[in-house]
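Have the model open as you read.

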Amino acid sequence: MLQLKDPTLLRQQAYLGGQWCDADDGAAFDVVNPADGERLGSVPEMGATETRRAIDAANAAWPAWKKKTAKERSAILRRWHDLMLANADDLALIMTAEQGKPLAEAKGEINYAASFIEWFAEEGKRTYGDTIPSPSPSSRIVVVKEAIGVCAAITPWNFPAAMITRKAGPALAAGCPMVLKPAEATPFSALALAVLAERAGIPAGIFSVVTGSPKAIGGEMTSNPIVRKLSFTGSTAVGKLLMQQSASTIKKLSLELGGNAPFIVFDDADLDAAVEGAMASKYRNAGQTCVCANRIYVQDGVYEAFAAKLVEAVRKLKVGDGMENGTTTGPLINEAAVQKVELHIADALGKGARVLTGGARHALGHGFFEPTVLADVTPDMRVAREETFGPMAPLFRFRTDEEAVALANDTEFGLASYFYSRDIGRIWRVAEGLESGMVGINTGLISNEVAPFGGVKQSGLGREGSHYGIDDYLAIKYLCMGGI
Ligand code: ADP
């Protein structure tokens, strides 16, 4: 069992309207450690009824929360942030146990997660409105921004803490309550955050965590008219479904969906820097992030040299249990994830690609996979179209800048893209040509709390983080003052 400094952070109950509770029918489901398949514990298998109760509690708590000054809400959120940092070691242990990522990465995520609470605690004080010159001498026009109301959130397992705080931070700072459904694989991280929210003094009903059936909980969240906004991070398929379901009540939506990030290495790139960026972008979290490089395009003249340097770096990765010192690559989340990587490799090899390193399941078994590099990958292969979500780097070859941009944009996704070049003209042309919400130029790491994270095309709607991130939780109200 986990050796936590504060064992009360590991909760096996859901948190609804300020109460820790079981499912109405007592049903529960197990949570396992992907590194060894061991059962870590269980959480309630809740459905529509419990979700409705959490939504009602949020609605009841909303007026008092909205009425607080931004400064008062900020002080409470600041305490939540401080508690996350004070308990970072335990939160990281819980995360590694249920998600698999190396402990150092888990700790990094806790800091990153807390940074959204800190950032939005401050931004909540700056939700400025406008005054607009009136076309009539006897009226004045004022625009104010108000909390949109009860928000629902559905989050994935790849960042079990940060995907929550990047939604809850702006929602709560803006004056909205939030009902959250975390991913089935990683509910303990979410529930630990709820423990700390309660300790920080976030009032009952303002932050609830409902665990259980995605369909039943998602169905209630999208059809319940009290919920004014839904924020979702996950697959494009589920995002489309939730968007359809939300149509019946015209909910405001934030969707952070799949990516298929291109990573382009031009012939004038600093190859060592490009390899370092590719390693960070591709192999972080065992390749399980929506901004992971999915397609690596290398210009003809530097293709062999880049491939050799990348293989050398990949061979230094250490696959293992995330709890062990020195592990750089943990297990994939489950068997289906491993099968997807296998499928992409088999498909590519069947169409002429070559394995430069890795290529198979790791001897450790479970979700472990060998960090892999494939060469001679071409656009007709599956990996060109679909997110692999695993530690496999496919190397495509290109000749001209125009070809690279066209290949990069040949996808329905548009979340992140990356490229390496030292030519200023090329940098501007390519940055402007890429169809994506975010572009990493000579860097493989782009996420932080101060910058707007989000996509174009079928990668989603809205932006998280930055001063833009709070807009998604605010409604604009126009006041027309006449008779002046
Ligand atoms: P992933 O491939 O990352 O697991 P999903 O989109 O399946 O992506 O999961 C992201 C989140 O969406 C998880 O919390 C999951 O439980 C939830 N989810 C999956 N299917 C549905 C659904 N039909 N309705 C609501 N939420 C869902």
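The face of α10 turned away from its buried side carries Glu304, Ala308 and Glu312, which are exposed (12 or fewer other C-beta atoms within 10 Å of the residue's own, against 20 or more for buried and partly exposed in between, with C-beta atoms placed from the backbone). This is a predicted model, where local features need pLDDT of at least 70 and side-chain atom pairs count only at pLDDT 80 or more, while totals for chains, interfaces and linings use all residues. Numbering starts from 1 along each chain as its sequence is written.

The buried residues of α10 are Phe306, Ala307, Leu310 and Val314. They sit on the same side of α10 because they cover an arc of only 100 degrees around the axis (taken from the directions from the helix axis to the C-beta atoms).

Next, a helix pair. The axes of α3 (residues 88-99) and α6 (residues 187-200) come within 8 Å and cross at roughly 160 degrees; α3 and α6 are therefore roughly antiparallel to each other (over 145 degrees). Leu91, Ile94, Met95 and Glu98 of α3 make the contact with Phe188, Ser189 and Ala192 of α6.

Conventions
Helix = DSSP H or I, 4+ residues; strand = E, 2+ residues; numbered from the N terminus. Axes fitted to C-alpha atoms, helices over the stretch in contact; angles between N-to-C directions. Parallel < 35°, antiparallel > 145°, perpendicular 65-115°, else oblique. Contact = placed C-beta atoms within 7 Å.
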